[in-house]
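This briefing sets out the computed geometry of one protein model for use in computational work. Please read it alongside the sequence and coordinates displayed below.

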Amino acid sequence: MVILVGILALVVGLVGGFFLARFTMKSYLAKNPPISEEMMKSMMMSMGQKPSQKKLNQMMAQMKAQNAKAQKK
């Protein structure tokens with residue numbers, strides 16, 4: 001009986017920990033996107049494009065919209 005309770009507690013802890021970690025990472029990535037404006041600006045400059053602030057804002061808005069759409073699924 002003691003072994004069964006221990007195994008059950010272990011399984012519940014693993015499943016709960018997985019979902020807690022998943023929720024925490026999703027909220028962290030939503031607040032702190034992995035690509036910032038500076039990174040995007042340097043990426044565009046390395047591709048030979050001259051990034052304007054308007055173009056950067058459009059790309060960031062597009063990325064946020066994609067993230068929001070992906071989170072709804």
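The points below cover overall fold, surface and pocket.

The model is predicted: local features require pLDDT of at least 70, side-chain atom pairs count only at pLDDT 80 or more, and totals for chains, interfaces and linings use all residues. Residues are numbered from 1 along each chain as its sequence is written, and side-chain values use heavy atoms, with hydrogens and water left out.

**Overall fold**

- The protein chain contains 3 helices and 0 strands, where helices (H or I, at least four residues) and strands (E, at least two) are DSSP runs numbered from the N terminus.
- Read from the N terminus, the order of elements is α-α-α.
- The radius of gyration of the protein chain is 21 Å, whereas a compact globule of 73 residues would have one near 11 Å; the radius is taken over C-alpha atoms, and the globule rule is 2.2 Å times the number of residues to the power 0.38.
- The C-alpha trace spans about 70 × 25 × 15 Å along its principal axes.

**Surface and burial**

- Of the 73 residues in the protein chain, 7% are buried (buried means under 20% relative accessible area, exposed over 50%, partly exposed in between, with a 1.4 Å probe and protein chains only).
- The protein chain exposes about 6500 Å², of which carbon and sulfur atoms supply 69%; accessible areas come from the Shrake-Rupley method with a 1.4 Å probe, and for residues only the protein chains shown count as cover.

- I3, I7, V11, V15, F18 and F19 form a nonpolar surface patch with about 620 Å² of accessible area together.
- Patch residues have over 30% relative accessible area and no salt bridge, with like charges joined within 9 Å and nonpolar side chains (Val, Leu, Ile, Met, Phe, Trp, Tyr) within 5 Å; a salt bridge is a side-chain nitrogen of Lys or Arg within 4 Å of a carboxyl oxygen of Asp or Glu.
- F18 belongs to helix α1 (residues 2-31) and counts as exposed because its relative accessibility is 51%.
- L8 also lies in helix α1, and L8 is exposed, with a relative accessible area of 55%.
- L8 and F18 are 10 residues apart in sequence and 15 Å apart in space, C-alpha to C-alpha.

**Largest pocket**

- The largest pocket holds about 160 Å³ of space.
- Its lining consists of L29, A30, P33, M60, M63, K64, N67, A68 and Q71.
- Two or more lining residues come from each of α1 and α3 (53-72), and α3 gives the largest share, 6 residues.

Methods:
On a 1 Å grid over the protein atoms alone, a cavity is a set of points where a 1.4 Å probe fits but cannot get out, and a pocket is an open set with protein on both sides within 12 Å along at least five of seven lines; lining residues have an atom within 4 Å of a point. Grid points are joined across faces, edges and corners, and a volume is the space filled by probe spheres set on the points.
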